[in-house]
Amino acid sequence: MECWEIREFKNDLQFLVDLIEKYKVPCEIKVVYDLIGKFYEINNFEYSLYNIVFKIDKKISGSQPDMEEYELFFNNVISTSIEKQDNYDCISNFLFEINIEGHISDRMNSLKSCWHLDKHIESQEGSDGIPKFTHPSYHFQFGGNFIESCEKGDLGILANPRIPHPPMDIFLGFNFIINNFYNRNDYDFVNKLSLDYDYSCIIKRAQERLWQPYFKAFDIANTHNDFTINKVFPLYIS
């Protein structure tokens, strides 16, 4: 499975940081540079990246209360099995969090929000039983550790629903953030990146690793053992 090769991953990471600098994307990526410098220690596709900080200095329409600027803290951890097979999900450990701090000039404390993309890991002995709520293989969910201890006031925060979504890595996560949180009319790097050939190649390779097997679940001829229609979209009645 060439798309999981370490050398290709390292090259794509280097491409990504070069593009971030080229288009002046407002994010702090020291941890990515640190990872690139440690690739001689890595012999399997795995990494831990915490607190990649994206800064947004304009309002996001529809936010309540009306916040003036934001900081997004992106965390992503992936570990994969040594032996990778086409018909099994090779991701063994997964963390994907977007923690958000919104700032208002006349308020001392920041307002917090967060989303996480979760992987539903079944026990090896199959003793999980039927989930109390629908539980897709990978799903977006509001909330997380980031806001557990913050002052919630009268705000009711529900952990449900779990929204089905394919897994994402550092590349797909970066692409997700800049396309969902940065207004392309205000930040020209969004359009420039989308038109950049190298950037498109990076994203396509990440999609090959993580999204092609996932979306094959909707193919009637699918033979994948982990990405099946009933696991990725449990509400589907076959």
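Analyst: A salt bridge is a side-chain nitrogen of Lys or Arg within 4 Å of a carboxyl oxygen of Asp or Glu. Aspartate 196 and lysine 22 form one here, with 3.7 Å between the closest N and O atoms. The two partners lie 174 residues apart: aspartate 196 sits in the loop between α4 (189–194) and α5, lysine 22 in helix α1. This is a predicted model: local features need pLDDT of at least 70, side-chain atom pairs count only at pLDDT 80 or more, and totals for chains, interfaces and linings use all residues. Residues are numbered from 1 along each chain as its sequence is written, and side-chain values use heavy atoms, leaving out hydrogens and water.

User: Are aspartate 196 and lysine 22 buried or exposed?

Analyst: Buried means under 20% relative accessible area, exposed over 50%, partly exposed in between (1.4 Å probe, protein chains only). Aspartate 196 counts as buried because its relative accessibility is 9%. Lysine 22 reaches 53%, so it counts as exposed.

User: How many salt bridges does the whole structure hold?

Analyst: A search of the whole structure finds nine. Take aspartate 12 and arginine 205, whose side chains meet at 2.6 Å, N to O. Aspartate 12 is in helix α1 (residues 6–22) and arginine 205 in helix α5 (residues 197–210), 193 residues apart. Helices (H or I, at least four residues) and strands (E, at least two) are DSSP runs, numbered from the N terminus. Aspartate 12 is buried, at 1% relative accessibility. Arginine 205 is partly exposed, at 23%.

User: Which residue forms a salt bridge with arginine 209?

Analyst: Aspartate 169 does, with the closest N and O atoms 3.1 Å apart. This pair also links distant parts of the chain, 40 residues apart. Arginine 209 belongs to helix α5, while aspartate 169 lies in the loop between β7 (163–164) and α3 (170–181). Arginine 209 is buried at 3%, and aspartate 169 is buried at 0%. Elsewhere, salt bridges that share partners join Glu28, Lys55 and Glu71 into one network.

User: How do I read the nonpolar interior?

Analyst: In soluble globular proteins, nonpolar side chains tend to be buried together. A nonpolar core is a set of buried Ala, Val, Leu, Ile, Met, Phe, Trp, Tyr and Cys residues joined through side-chain atoms within 4.5 Å. In this model the largest has 62 residues, and Phe54, Ile170 and Phe174 have the most contacts inside it. Beyond four places in sequence, isoleucine 170 is in contact (heavy atoms within 4.5 Å) with residues including Phe9, Leu13, Tyr47 and Phe74.

User: In what order do the strands of the sheet run?

Analyst: Two strands pair if DSSP finds at least two bridges between them. Seven strands make an open, antiparallel sheet in the order β1-β2-β3-β4-β5-β6-β7. β1 (27–28) and β7 are the edge strands, each pairing on one side only. Strand β3 (residues 69–80) is joined to strand β4 (residues 91–103) by twelve bridges. Tyrosine 70 stands opposite glycine 102 in β4.

User: Where is tyrosine 214 found, and what does this residue contact?

Analyst: Tyrosine 214 is in helix α6 (residues 212–215). This tyrosine is buried, at 3% relative accessibility. Its C-alpha atom is 8.9 Å from that of histidine 224, ten residues away along the chain. Leaving aside neighbours within four places in sequence, its contacts include Tyr138, Pro164, His165, Phe227 and Val232.

User: Is tyrosine 236 buried or partly exposed?

Analyst: Tyrosine 236 is partly exposed, because its relative accessibility is 43%. Tyrosine 236 lies in the segment after α7 (229–232).
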